[in-house]
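User: I'm new to reading protein models and would like a close look at a single part of this one. Please keep it friendly and connected.

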Amino acid sequence: DLRPGHDRARAAGVRSGAAFPLHIYGRPVGVLSIGASEVGFFDQIEVRLLAELAGDISYALEKVEQEALRYQAEEALRAERDRLETVTRHVGLGLAVFSRDHRTLWANQVMQDIFGGAVGKTCNEIFGLRAETEDDCIVKEAFTTGAPRLERELVGRSANGERIWSQIIASPLRGSGGEVATV
């Protein structure tokens with residue numbers, strides 16, 4: 001029953017009105033309602049312009065909603081990253097992800113603490129090996145063979161130069177097409 005609203009508008013001096021739906025992704029969310037004190041105030045040009053304005057407002061509302069959804073997704077991603085960082089820190093093992101060129105894309109804090117600044121370094125650089133090439137690197141072997149799990153023991157150097165025994169386990173991470181994306 002719109003009569004109470006009409007009665008209030010009439011009491012306020014409104015003699016003409018125009019209403020345009022506002023949509024977000026095609027679903028109605030509100031109305032742009034405009035009143036005028038003159039009878040017959042809204043002609044075709046004004047109606048067309050106000051309809052465009054309602055479309056512009058709808059577009060702006062969609063962008064606001066998109067931004068809110070993006071912000072929520074970023075917050076969820078941050079929370080998930082923080083959980084992953086906490087888990088990988090407290091597991092007590094050095095963990096790293098390597099690219100095809102055998103460089104570290106990511107390393108947990110344990111790995112960083114033991115081997116120092118691991119991100120960006122190659123397999124041999126991280127473990128303090130003096131080999132000129134990465135040919136003997138387990139990361140290269142994991143990319144080449146695609147084996148689900150490779151293990152190797154080696155004695156390398158920690159960040160402070162001490163000899164350190166390491167058990168290395170390499171497991172390929174596959175992309176959506178099944179190819180080895182990272183190790």
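What should the 47 residues of helix α2 (residues 44–90) span at 1.5 Å a residue, and how far apart are its end C-alpha atoms?

Analyst: Let's start with the ground rules. This is a predicted model, where local features need pLDDT of at least 70 and side-chain atom pairs count only at pLDDT 80 or more, while totals for chains, interfaces and linings use all residues. Residues are numbered from 1 along each chain as its sequence is written, and side-chain values use heavy atoms, with hydrogens and water left out.

Now for your helix. At 1.5 Å a residue, α2 should span 69 Å, and its end C-alpha atoms are 69 Å apart, so the two agree. The expected span here is 1.5 Å times one less than the number of residues. As for what counts as a helix, it's a DSSP run of H or I with at least four residues, a strand is a run of E with at least two, and both are numbered from the N terminus.

Next, the two ends of α2. At its start, a side-chain oxygen of D43 reaches to within 3.1 Å of the backbone nitrogen of I45.

What about the residues tucked away along α2? The buried ones (under 20% relative accessible area, with exposed over 50% and partly exposed in between, using a 1.4 Å probe and protein chains only) are L50, A54, S58, E62 and T88. They pack against β1 (16–24), β2 (27–36), β4 and α3 (109–115).

Strand β4 (residues 104–107) pairs with β3 (residues 96–98) in the antiparallel sense over 3 bridges; pairing takes at least two bridges found by DSSP. In that pairing, A107 of β4 stands opposite A96. The hairpin they form has 5 residues between the strands, and H102 takes a positive phi near 70° there.

The C-alpha atoms fill a box of roughly 90 × 30 × 25 Å along the principal axes. The chain's radius of gyration is 32 Å, but a compact globule of 183 residues would have one near 16 Å; that value is taken over C-alpha atoms, and the globule rule is 2.2 Å times the number of residues to the power 0.38. Buried residues make up 28% of the 183.

Terms used
Contact means heavy atoms within 4.5 Å. A polar contact is a pair of N or O atoms within 3.5 Å; within protein, one must be able to donate a hydrogen and the other to accept it, and residues adjacent in sequence count only if both atoms are side-chain atoms.
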